Amino acid sequence: MLAGTLVGTTIEWYDFFIYAQAAGLVLAQLYFAPLGAENAGLAQVISWASLGISFLFRPLGAIVAGHLGDRLGRKMMLVFTLVLMGLATALIGVLPTYAQIGIWAPILLVLLRILQGFSAGGEWGGAALMSVEHAPVDKRGFFGAYPQIGVPCGMILATGVMWLLSTLMSDEAFLAWGWRIPFLFSIVLIVVGFMIRRSVDESPVFKEMQERKKESAAPLGLLFKHNSKEVILTALIFIANNAAGYLLIAFFASYATKAPEQGGLGMDRSAVLLASTLAAFGWLIFTMYGGILSDRIGRIRTFQIGYVWVLLWSIPMFLLIDTASIIWFTVAAFVLTIGLGLSYGPQSALYAEMFPANVRYSGVSIGYAIGAILGGAFAPMIAELLLGATGTTISIGIYIAVLCVISLVAVSMVKETKGKNLRVEEAHQEYLRSHPEAR
């Protein structure tokens, strides 16, 4: 079961992140440059915007997958979102450029990116719940960390593939056709993930819901009627982690490798991608540790430590990156992953424990998707605009620090959830006691 959620989530996020990497390295030149012909920086801003647009459709994916997942099962929706993401990614790999089909190129690219966003919106909630709902009570943080480490694993795959191609190919060949290989490679990964996920058993909590026939006739209606506060809190808790994460995933490499006359540092692309891959390993390690730590000291305390870490590091991090030294770039990115991991590893367990079983899929998926819109969706674009407007990366550090304060306050408003009963009957009775109007 854990292998199914980890492998599937890794593949799903590889697909999502390979676009983020390409948006910073090649898509501005190939698909958006003519749209910003009079302003060289505008093409990159538009490319970052295409990355963010897909996030706007994640709540729709979360609503559809969450609603059907609460009715039909977690497993079915996991397979569906995996296949949909893979198809959209592979089609980007064969999409003609602006020079070949004109304005249709960026339009079709954005449409395929929207499909990726829809799929990602339905992916995380199902994977998280499959892990947490199978877990022993005292190991939910550990089990729930498995779909979480799918994110750094996906980044390792995406950045590692880009690094390998950048090392083996000339810049001209990479720009001409080499960048398409990572997108087409998704076909192989999807076949592997599909076979693994088909073999995963359905969540025991969902089976219990089927047996007891406790499914709600309108889980979305119940969710927003009785759990709107939890949805808002889950969204706010996520924004800082997601924004800082997307700077690591996409913006750092783009900023570091662009020529100085384009507002970058002019660093070697292969070295920067290798450093980013190494940082992703740190993210993996600290995310798993964050889940384990939350089983010991609680979800809330672990989140708080993680966000204080990111808050304190947000400005020193950019001071190191601006040295244009690959060693200090690596240190800056790696140290960031400590706080990212501690504020991401416990997320599956915390979110699952915040919602009753009959609206849990919908609640965690929609909260996660809204948080991604407010956090990472346009974080690289905002960073690019801040850099252009102020001429200094310190403004980006302040932006991340402000988001950390918001997320820190939000998570501190949640009563500790560790050990909460996730089974249907007991949770249902507890829910009725706290919401007498729902009787």
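Predicted model: local features only at pLDDT ≥ 70, side-chain atom pairs only at ≥ 80, totals over all residues.

Colleague: What makes the contact between arginine 299 and aspartate 295 a salt bridge?

Modeller: The term requires a side-chain nitrogen of Lys or Arg within 4 Å of a carboxyl oxygen of Asp or Glu. The N to O distance between the side chains of arginine 299 and aspartate 295 is 2.9 Å, and the pair therefore meets the definition.

Colleague: How do you know that glutamate 353 forms a salt bridge with arginine 140?

Modeller: The closest N and O atoms of glutamate 353 and arginine 140 are 3.1 Å apart, and the cut-off is 4 Å. Glutamate 353 lies in helix α18 (residues 347-354) and arginine 140 in helix α8 (residues 140-168), so this pair ties together parts that are 213 residues apart in sequence.

Colleague: Which parts does the pair of arginine 299 and glutamate 353 tie together?

Modeller: Arginine 299 and glutamate 353 form a salt bridge, with the closest N and O atoms 2.9 Å apart. Arginine 299 belongs to helix α16 (residues 299-321) and glutamate 353 to helix α18, so parts 54 residues apart in sequence are tied together.

Colleague: Are glutamate 353 and arginine 140 buried or exposed?

Modeller: Both glutamate 353 and arginine 140 are buried, a word that stands for under 20% relative accessible area. Arginine 299 and aspartate 295 are buried as well. In total, the structure holds five salt bridges.

Colleague: Why is isoleucine 187 called partly exposed?

Modeller: Its relative accessibility is 47%. Buried means under 20% and exposed over 50%, with partly exposed in between, so isoleucine 187 counts as partly exposed. This residue is placed in helix α11.

Colleague: What forms the nonpolar patch on the surface?

Modeller: The patch is formed by Leu91, Val94, Leu184, Ile187, Val191 and Met195, which together have about 540 Å² of accessible area. Helix α11 (residues 186-198) gives the most to this patch, with three residues.

Colleague: Why is α14 called roughly parallel to α16?

Modeller: Helix α14 (residues 228-257) and α16 pack at an angle of about 25 degrees, their axes being 11 Å apart. Angles under 35 degrees count as roughly parallel, so α14 is roughly parallel to α16. The crossing in which α14 passes α16 is left-handed.

Technical notes
Residues numbered from 1 in each chain as written. Heavy atoms only, no water. Patch = residues over 30% accessible without salt bridge, like charges linked within 9 Å, V, L, I, M, F, W, Y side chains within 5 Å. Areas by Shrake-Rupley, 256 points an atom, 1.4 Å probe, with all protein chains shown as cover. Helix = DSSP H or I, 4+ residues; strand = E, 2+ residues; numbered from the N terminus. Buried < 20%, exposed > 50% of the residue type's maximum accessible area, 1.4 Å probe, protein only. Axes fitted to C-alpha atoms, helices over the stretch in contact; angles between N-to-C directions. Parallel < 35°, antiparallel > 145°, perpendicular 65-115°, else oblique. Left-handed = near helix turned anticlockwise from the far one by under 90°.
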